[in-house]
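The notes follow the order in which I went through them.

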Amino acid sequence: MSRRLPLIVLLVAVAAGGAYLAVSGNKSAPAEQAATQTNVSGTVGGAAATSSASSLNAAGIAVTNPNTPTVLSFSNGIAPTVDAKAWMVMDMESGQIIAQHEADTQVAPASLTKLMTASLVFSALDDNRLRLEQEVTVSERAWKTGGSRTFIEVNKQVSVADLLQGMIVQSGNDATIQLAEVVAGSVEVFVDQMNREAQAFGMSNSRFADPTGLPLPETYTTVRDLSLLAQHIIRDHPKYYHYFSQQDFTFNKITQKNRNGLLARNIGVDGLKTGHTDDAGYCLISTAVRDGRRVLSIVVGTKTVREREQYSQTLLDWGYQNFTNRVLAPAGQALLTPRVYEGTVKTVELGAQNGVAVTVPRGEEGNVQTLTQINNKLVAPIAKGEVVGSVQFVLNGKILKQDPLIALNDVEPAGFFGRMWDKFLGLF
C-alpha cells in the first residue's frame, strides 16, 4: 500500500487539476495575494481618488482631469495671488499640478496657438516631409497677414529655419501662415490637422480656426489643455526646443527680441511662448530648469506685459521653494516579489510601469506611503511588462499619484506535473 501512495496522490492531483480547469476555464482566479490592499479612504474633488490621481502616459505626458488633486491640496499652504483669468503651475518630472486657477475655463489663446503650429512643423521635419534648409516662395496670403510680423516678402525665397525663428522668436503671423501652407498645402487643411492633433493630445476643450491665434470666436482652449500641448512640445521635439530660448532673431535686416522677457533674467527659464490680443489679454507659458528639475507655468489673461512676467516668475519661484520631488519607484526597480503559481520559478518581481517621482510639500517627503494592489492570482505564463495591478502613492490618506504595476521579468509555465501540483495545492 505504501508504494501506491505517491501514485494515488498524483492521480488525485491530476484529477483535481482537471476539475479546476473545467470549473475556472481561465488563467486568473480571484486575488488572494495583494501585497498591500489599497483601502485609502476619502475622495478628491467629489470623485474617487483612484480615478482622478495624476498619472503619466507612455510618452511621459501628465494626463489630468478636473478632479485631479493639486499638490497644494495636500498641505495647508496658500497659493500666490495671481490676477489673471486662469493659471497653472506644474512639475514636469512628476507630472503633478502644484496649483491651478480656472484651469478648465475656456480662454482665447492668442499666439499661444503657435505652439500647436510649431508641433506640426516639428513633426513634418522629423518625418522628412520638410527640411530646415528648404527654401520656399512666400505667398501673397502669408505676406498680407496682419498683426506681429517677420516681414517676409511676397514671391521671395525664405528658408524653413528662418520661418521657424520668425514664428517662435518674433511671433510673426506671416511666417506662421507660410509654414502652414508649406506643411499642408493650404491654411484650411493645416487647421484641420491642428484640430486632429489637439484631439490626439487629449485637448478636449480646445479648437483652432487659424494657425496664428488672431482673434476668432472659433479659437479657444483651456489652461489644462495648454499644459498638454506644452508637454508635447518639450517631450516630443527636444531637437527643436532650443528655438524657444532664442532671445532675438534678425530677418530682412530687422532685429526683433523674443517677447518672453523671463529668458533674460537668469532664473533658469528656457521657453516657451507669449501671446496677446485684446480678448485674450497678456499670456505666457514659461518653463524653467533648476537643479535638474523642470517646472511649467501657464498664465493667461493678465492686464500688462509686466504682470504676465511677474506672475509667471512668482509661480515658478513658489513651486521650487515650497515643493520638492522624491523618486519612489525608479524604473526597473522591484517594489515587491510575490508568489506566482504554475511557473518554472516561484516568484516574480513587480514594479511601477514608469519610473515614479512625486511632488510633495516640503517637509512631507518621508510621509508618502506606497500601496500596491494585484488584480488577480498570479499564474504563469507571465510576460515581462504585463500589467498585473496598480501602485499608488498616498499622502495624508489621499492618492498623490498612481501607476500600473507590471511584471519586471518573464515567468514561463512549468511542466504538466508542476502545474497540476500547484492547481492541487490551490484547492486548499
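Does phenylalanine 244 count as buried or exposed? I noted that phenylalanine 244 counts as buried, at 1% relative accessibility, where buried means under 20% relative accessible area, exposed over 50% and partly exposed in between, with a 1.4 Å probe and protein chains only.

Before going further I wrote down that this is a predicted model, in which local features need pLDDT of at least 70 and side-chain atom pairs count only at pLDDT 80 or more, while totals for chains, interfaces and linings use all residues. Residues are numbered from 1 along each chain as its sequence is written, and side-chain values use heavy atoms, with hydrogens and water left out.

Aromatic pairs. I took rings of Phe, Tyr and Trp (its six-membered ring) as paired if their centres lie within 6.5 Å, with planes under 30 degrees apart called stacked, over 60 edge-to-face and the rest tilted. The count by this rule comes to five aromatic pairs. One of them joins phenylalanine 122 and phenylalanine 244 edge-to-face, at 6.3 Å centre to centre and 90° between the planes. Phenylalanine 122 lies in helix α3 (residues 114-126) and phenylalanine 244 in the loop between α8 (223-236) and β9 (248-251), so this pair ties together parts that are 122 residues apart in sequence; helices (H or I, at least four residues) and strands (E, at least two) are DSSP runs, numbered from the N terminus. Phenylalanine 122 is buried, its relative accessible area being 0%. I then found phenylalanine 249 and phenylalanine 251 stacked, with 6.4 Å between centres and 25° between planes, and both of these residues are buried. Ring pairs also link Phe122, Tyr240, Tyr241 and Phe244 into a cluster.

Salt bridges. Taking a side-chain nitrogen of Lys or Arg within 4 Å of a carboxyl oxygen of Asp or Glu, I recorded 14 salt bridges in the whole structure. Among them, arginine 294 meets aspartate 270 with the closest N and O atoms 2.9 Å apart. Arginine 294 lies in strand β13 (residues 293-302) and aspartate 270 in strand β11 (residues 269-277), so the pair ties together parts that are 24 residues apart in sequence. Both arginine 294 and aspartate 270 are buried. Aspartate 127 and arginine 129 also form a salt bridge, at 3.6 Å from N to O; aspartate 127 is partly exposed at 49% relative accessibility, and arginine 129 is partly exposed at 48%.
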